[in-house]
Amino acid sequence: MIEAILLDIDDTLVDTRGAFRHALLRVADEYLDAGADPEEVLAHWRDDRGGWYRAHTRGEMTHREQRMRRANDLHATFGGPALDHEAYDIWDEGFERHFREGWRAFDDSAALLDALDERGIPYGAVSNADSAYQVLKLAACGIQRVPMLVGVDTFGVGKPDERVFHEGCRLLTVDSPTTAYIGDEPDLDAGGAQRAGLHGVWLDRPGTRRAGHGEAPAGTSRIEGLLEVLDLLS
Ligand SMILES: [Mg+2]
């Protein structure tokens with residue numbers, strides 16, 4: 001029986017993929033070959049083929065370093081110029097401005113929160129981005145009622161490190177076995193939560209998978225929309 005809910009933010013509550021699309025269309029316009037397919041550019045960005053964002057969440061690389069590497073890899077793949085530190089600063093100012101402009105909650109996010117509020121189910125966010133940044137993002141999306149519990153800055157590492165899931169439970173004063181963690185990445189989110197002793201739930205929104213995402217790890221649940229979370233409570 002699930003009595004509490006921990007939530008991922010990016011591509012779970014917030015349509016981060018849509019915001020990246022918005023930012024990357026501007027990047028493509030300004031920097032990349034005219035023939036670059038926007039969907040391929042977006043997929044390339046999200047796939048993080050060099051594993052640099054993952055390295056950042058393991059505490060091995062700063063946020064700036066991972067993003068600069070990804071920007072240069074994107075440019076190398078789609079015909080953009082190599083960015084030195086100065087050129088990257090200008091690139092990132094535009095990228096970040098358009099990324100933020102694109103921040104939107106999914107349609108079912110507020111509906112889930114309403115239902116959880118109505119039932120008195122405690123919830124909060126555990127994310128692999130910086131806590132203060134995620135507080136801004138939640139507010140910009142109108143879902144600031146979600147308490148930002150644990151970010152990559154809390155321990156200097158992110159999911160799937162078990163500590164971040166346990167800290168989320170501790171801050172909500174709930175027990176791991178009766179808490180579900182919902183996120184869009186099958187291994188990092190659902191699998192990581194499961195290994196930490198929570199109930200892992202993979203949110204597999206139709207049409208939004210990253211390369212390599214294909215199966216929910218054993219023992220986890222798979223849902224296609226946030227309101228399906230409510231079925232876990234009954
Ligand atoms: Mg996510």
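1. Buried means under 20% relative accessible area, exposed over 50%, and partly exposed in between, with a 1.4 Å probe and protein chains only. Helices (H or I, at least four residues) and strands (E, at least two) are DSSP runs, numbered from the N terminus. This is a predicted model: local features need pLDDT of at least 70, side-chain atom pairs count only at pLDDT 80 or more, and totals for chains, interfaces and linings use all residues. Residues are numbered from 1 along each chain as its sequence is written, and side-chain values use heavy atoms, with hydrogens and water left out.

2. Start with helix α4, residues 63-78. Its 16 residues reach 22 Å from the first C-alpha to the last, close to the 22 Å expected at 1.5 Å a residue. The expected span is 1.5 Å times one less than the number of residues in the helix. Which residues of α4 are buried? They are Gln-66, Arg-67, Met-68, Arg-70, Ala-71, Leu-74, His-75 and Phe-78. Their cover includes α1 (16-31), α2 (38-47), α3 (52-57), α5 (85-101) and α7 (131-140). Contact here means heavy atoms within 4.5 Å. Just after α4, Gly-79 takes a positive phi of about 80°.

3. Helix α1 is one of the elements covering α4. The 16 residues of α1 should span 22 Å at 1.5 Å a residue, and its end C-alpha atoms are 22 Å apart, which agrees. Buried in α1 are Thr-16, Arg-17, Ala-19, Phe-20, Ala-23, Leu-24, Val-27, Ala-28 and Tyr-31. These buried residues pack against α2, α4 and α5.

4. Now the helix pairs. Two packed helices are described by the angle between their axes and the distance between the axes. Axes are lines fitted to C-alpha atoms, for helices over the stretch in contact, and angles run from 0 to 180 degrees between N-to-C directions. Angles under 35 degrees count as roughly parallel, over 145 as roughly antiparallel, 65 to 115 as roughly perpendicular and the rest as oblique.

5. The axes of α4 and α5 come within 11 Å and cross at roughly 95°. That makes α4 roughly perpendicular to α5. From α4, Arg-64, Arg-67, Met-68, Ala-71 and His-75 take part; they meet His-85, Tyr-88, Asp-89, Trp-91, Asp-92, Phe-95, Glu-96 and Phe-99 in α5. By class, this contact has six nonpolar, two polar and five charged residues. Ala, Val, Leu, Ile, Met, Phe, Trp, Tyr, Cys and Pro count as nonpolar, Asp, Glu, Lys and Arg as charged, and the others, Gly among them, as polar.

6. How do α5 and α7 cross, and at what angle? Their axes come within 11 Å and cross at roughly 45°. The two helices are therefore oblique to each other. Glu-96, Phe-99 and Arg-100 in α5 meet Tyr-133, Leu-136 and Lys-137 in α7. The residues of this contact divide into three nonpolar, no polar and three charged.

7. Glu-96 of α5 deserves a look. Glu-96 is buried, with a relative accessible area of 14%. Leaving aside neighbours within four places in sequence, Glu-96 is in contact with Arg-67, Trp-103 and Tyr-133.

8. The metal site comes next. The protein donors of the magnesium ion are Asp-8 (OD), Asp-10 (O) and Asp-184 (OD), lying 2.1 Å from it. Donors are N, O and S atoms within 2.8 Å of the metal (3.2 Å for Na, K and Ca); water is not among the atoms, so sites may look incomplete. The donor residues are spaced D-x1-D-x173-D in sequence. Asp-8 and Asp-10 are buried.

9. Val-126 sits in strand β2, residues 123-126. At 0% relative accessibility, Val-126 counts as buried.

10. Most residues other than glycine have a negative phi, and most peptide bonds are trans. Asp-48, in the loop between α2 and α3, has a positive phi of about 50° although it is not a glycine. Asp-48 is buried, at 12% relative accessible area. Thr-173, in the loop between α9 and β4 (179-183), has a positive phi near 50°. Thr-173 is exposed, at 71%. The peptide bond from Lys-159 to Pro-160 is cis, with omega near 10°. Pro-160 lies in the loop between α8 (152-155) and α9 (162-172).
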